[in-house]
Amino acid sequence: MRVLVAGRTGQLAIELLERLPRYGHTVVALEAPELDLTDPESIRRAVEQAAPEVIVNAAAYTAVDKAESQRDLAFAVNAIGAGILAAAAAARDLPFLHVSTDYVFSGNGGAPYDEDAPTGPTGVYGESKLAGERAALAANPRTAIIRTAWVCSPHGNNFVKTMLRLGREREAVSVVADQHGAPTFAADLADAIARMLPRLATSPAGDAAFGVFHLTGTPWTTWHGFAEAIFAGAAARGYKVPRLSAITTADYPTPARRPADGRLDCGHIARIHGIEAADWRQSLSHCLDALIGPQTQHS
């Protein structure tokens, strides 16, 4: 199929550009100024010129802390822009796939969230993403939403690359150990999207293929546990690693509150689309191979 991807230089967009063609899809990836989610006319023009069979929104305002002081911009991109893009797809009777986040939840649920769990974002970023979900679903009945979390890859800014940089710069690194969730590698997310597209393209509104789905890596861990795995993998590749210590969220205050428990139940996407959560430890190994090189010793 011919796929229009909103976004071109973000982690997911880069992986979609690489991976969708492996599944036989043709990709047109656009970002501002060609496709600017704050500019309705650019959205209309981009969709008209690309003439896609499906639209994937991989663009977002993701500066979680800055969003607290840039509310209007966060909502313009994540909420209003997402709704306009979904409406542009609906006007051409196209399916729309939108990527969202665990930040739509409070993180106080005490158990993995399924798709029907009550939402309750605690910051502007989460509020804007939840508003975007609602806008997309209202604008286009053929909308599928994937909520994900802790996205990493060899590209852009993410936790893996930050840990490797800190490992070079410091003798000791402290990482929060009381926030729970699961890393999701952009390559695995791109593969899942590629597999979903044929069914989305052939399914009518109201089909179970549409609606909200959760997809992260597996198994669950903490940021500290993730950092341990990163440094173990880096050490096995001959990389300098620091001493790692565990701290609490209270020890590391940020402008926006992070979900203490952002675990997502990924059973629904497995039942409907046959997509199982990928083991992030294997994906981390591939990511470290790309960033550092292959292992030099057995870990």
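**Strand β5 and its neighbours**

Tutor: Within β5, R147 is the bridge partner of S100. The chain passes from β4 through helix α4 (residues 124-139) to β5 in a right-handed β-α-β crossover. Right-handed means that, with the strands pointing away from the viewer, the path from the first strand over the helix to the second runs clockwise. This is a predicted model, in which local features need pLDDT of at least 70 and side-chain atom pairs pLDDT 80 or more, while totals for chains, interfaces and linings use all residues. Residues are numbered from 1 along each chain as its sequence is written, and side-chain values use heavy atoms, without hydrogens and water.

Student: In which sense do β4 and β5 pair, and over how many bridges?

Tutor: Two strands pair if DSSP finds at least two bridges between them; helices (H or I, at least four residues) and strands (E, at least two) are DSSP runs, numbered from the N terminus. Here β4 (residues 96-101) and β5 are parallel, with 6 bridges. Strand β10 (residues 211-214) also runs parallel to β5, joined by 4 bridges, and H214 of β10 is the bridge partner of R147.

Student: Are the residues of β5 buried or exposed?

Tutor: Buried means under 20% relative accessible area, exposed over 50%, and partly exposed in between (1.4 Å probe, protein chains only). In β5 (residues 143-148), 6 of the 6 residues are buried, so the strand is largely enclosed by the rest of the structure. T143, I145 and R147 cover one side, and A144, I146 and T148 the other.
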